[in-house]
Amino acid sequence: MAEHYDVVIVGTGAGGGTLAHALAGSGKRILLLERGDFLPREMDNWDPKPVFVTGKYISKDTWFDKDGKAFQPQIHYVVGGATKMYGAALYRLRPADFGEIKHVDGISPAWPLGYDDFEPWYSAAEQLYQVHGQHGEDPTEGHWSQQYPWPAVSHEPRLQQVADGLAKGGWHPFHAPCGILLDEADRPRSKCIRCAWCDGYPCLVHAKSDAEVIAVRPILGRPNVTLLTGAEVTRLQTDDSGQTVTEVVVSRGGQREAYAGDIVVISAGAANSAKILLNSASDAHPHGLANGSDQVGRNYMFHNSRTIAALSTEPNDTVYQKTLGINDFYHPTKDYPYPMGNIQMVGKSNAEAMRGEKPDLTWFAPQWSLTDVAKHSVDWWLTTEDLPMPGNRVTTDHDGNIHVAYSPTNLDEHHRLYEELKKILNHTGMPAHHVLRKNFYADMNIELAGCAHQAGTCRFGTDPATSVLDTNCKTHQLDNLYVVDTSFFPSIGAVNPALTAIANALRVGQHIADRIA
Ligand SMILES: Cc1cc2nc3c(=O)[nH]c(=O)nc-3n(C[C@H](O)[C@H](O)[C@H](O)COP(=O)(O)OP(=O)(O)OC[C@H]3O[C@@H](n4cnc5c(N)ncnc54)[C@H](O)[C@@H]3O)c2cc1C
């Protein structure tokens, strides 16, 4: 007999970890199943060589592209999921992102709920994840019911110079929303030491607002919460009618285990959630669980992103660089009728990370030259929306392995955004010919492997023919099965996805709490 819980949650990342946190106070018995283990706290956390060059924390998974070519996805199976490595740039989608948007390559569809529906949950998410920022600075943001719980993180001198130059040039720089446990008013008592090892690194001192630190650890002492690590969910079994999940099948330590829940929530990340559903095909669900509409795995998105190291003669001594954002090109402009996207900063360059990102180009470069480049670079991150295309999809083969078919969209918009950044760089003393394109975790050059912002494989909607989930993120076809990770996104906008996944998990958490009360 499978051990029974009130709620079984698969995955402990932004979606699953936050949902568990939201439900823990209900007193109901909650089981968290996590494929990975706790990420070890060790000096390697803050060493670019193991993090970027040897990829110590990246899973050994093999996925396949549409031609069957194997690749290693940059994915992290640990308690806290991708948030252990994330840059904690915790942006809200803009109100327009919830409506239909015309892009150069097609339509970004409307969500079944609007910004107003999400606003209270965005506020709750910002409070829970202790986000620093200043609502009211960014002209593109929607209304907000609560100011950020922490003041914006101050710019270091070089970035303040850049921000001042931008404002003088007529752009609208703002303080980016950052999820770090920093208290600038009381530095000695601050958990965060304001280091460079944040974006792309695990935080050794647990001072980043990731799902492990904020959501999972604080509930582990409760008698009603159980976390099993090393527990990979391989399939879900249903009753004969196919309407209720009766067993969550787990591979743990080489053994098969089974668990049951009144409610079962999959939150394994967009690709792995689709994998679990597709690999759970049965007589009642011949094409995969909850896949009567043939939508599971489709509409895979992961942003058109690239990092740019812009060099200037002036050294950039910034340590924590993620404090600045620009949304002047988020909506169509008078010169271009389509949205281009968001510009923000990325973690500070260093020589080892450059080697890890571009081994072919840096092979012959002496260490001093890379160190010098890194010392003078100001590092930017560009994001353009990619569209949910039915043909961009996750499927699984006979052995259950993930295959991802993907062709990019909106490349013209992305190119224009880069051109706009070059104008900004010229204006702020970093002329365009001193720009290096860098490969980081989601650059288009490493298309499929850079799956950091994966989303869309089980989109929510009101029509079961075109969506997998209803507006509560319950599968249309099953009574007790939910999906609460970035899979539910019908479109991805052009800002980082985690805050929306967190806000949605809080929203769905309230619905599930009401249901099981
Ligand atoms: C380097 C990096 C930087 C990023 N920076 C930012 C940023 O600055 N801002 C931002 O908003 N977003 C950022 N992201 C993206 C953000 O982290 C993700 O969008 C977010 O974590 C997605 O949440 P999720 O719940 O969908 O998946 P995840 O957080 O990945 O959680 C999925 C969980 O499921 C577990 N799992 C998978 N398969 C199984 C299985 N079969 N059985 C059991 N457990 C399973 C995984 O181990 C993981 O714990 C970044 C990501 C990376 C990798």
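Q: What share of the accessible surface of the chain belongs to carbon and sulfur atoms?
A: Keep in mind that this is a predicted model. The accessible surface of the chain comes to about 19100 Å². Of that area, the part belonging to carbon and sulfur atoms is 53%.

Q: Why does the radius of gyration of the chain agree with that of a compact globule?
A: The C-alpha trace spans about 70 × 50 × 50 Å along its principal axes. For 517 residues, a compact globule would have a radius of gyration near 24 Å. The chain agrees with this, because its own value is 22 Å.

Q: What percentage of the contacts with a separation of 6 or more comes from residues 24 or more positions apart?
A: Let's start with the elements: the chain has 11 helices and 19 strands. Of its 517 residues, 61% count as buried. Among contacts with a separation of 6 or more, residues 24 or more positions apart account for 72%.

Q: How far apart are the centres of the positive and negative side chains?
A: The chain carries 44 positive side chains and 60 negative ones. The centres of these two sets are separated by 4 Å.

Q: Is His76 buried or exposed?
A: His76 sits in the loop between β4 (70–71) and β5 (101–103). Not counting residues up to four places away in sequence, His76 touches Tyr57, Ile58, Gly81, Ala82 and Met85. Its relative accessible area is 15%, and the cut-off is under 20%, so His76 is buried.

Q: What distance separates the C-alpha atoms of Val245 and Asn480?
A: Val245 lies in strand β10 (residues 245–252), and it counts as buried at 2% relative accessibility. Leaving aside neighbours within four places in sequence, its contacts include Leu236, Leu478, Asn480 and Leu481. Although Val245 and Asn480 are 235 residues apart along the chain, their C-alpha atoms are separated by 6.5 Å.

Technical notes
Residues are numbered from 1 along each chain as its sequence is written. This is a predicted model: local features need pLDDT of at least 70, side-chain atom pairs count only at pLDDT 80 or more; totals for chains, interfaces and linings use all residues. Side-chain values use heavy atoms; hydrogens and water are left out. Helices (H or I, at least four residues) and strands (E, at least two) are DSSP runs, numbered from the N terminus. The radius of gyration is taken over C-alpha atoms; the globule rule is 2.2 Å times the number of residues to the power 0.38. Buried means under 20% relative accessible area, exposed over 50%, partly exposed in between (1.4 Å probe, protein chains only). Contact means heavy atoms within 4.5 Å. Accessible areas come from the Shrake-Rupley method with a 1.4 Å probe; for residues, only the protein chains shown count as cover. Lys and Arg count as positive and Asp and Glu as negative; His and the chain ends are not counted. The place of a charge is taken as NZ of Lys, CZ of Arg, CG of Asp or CD of Glu.
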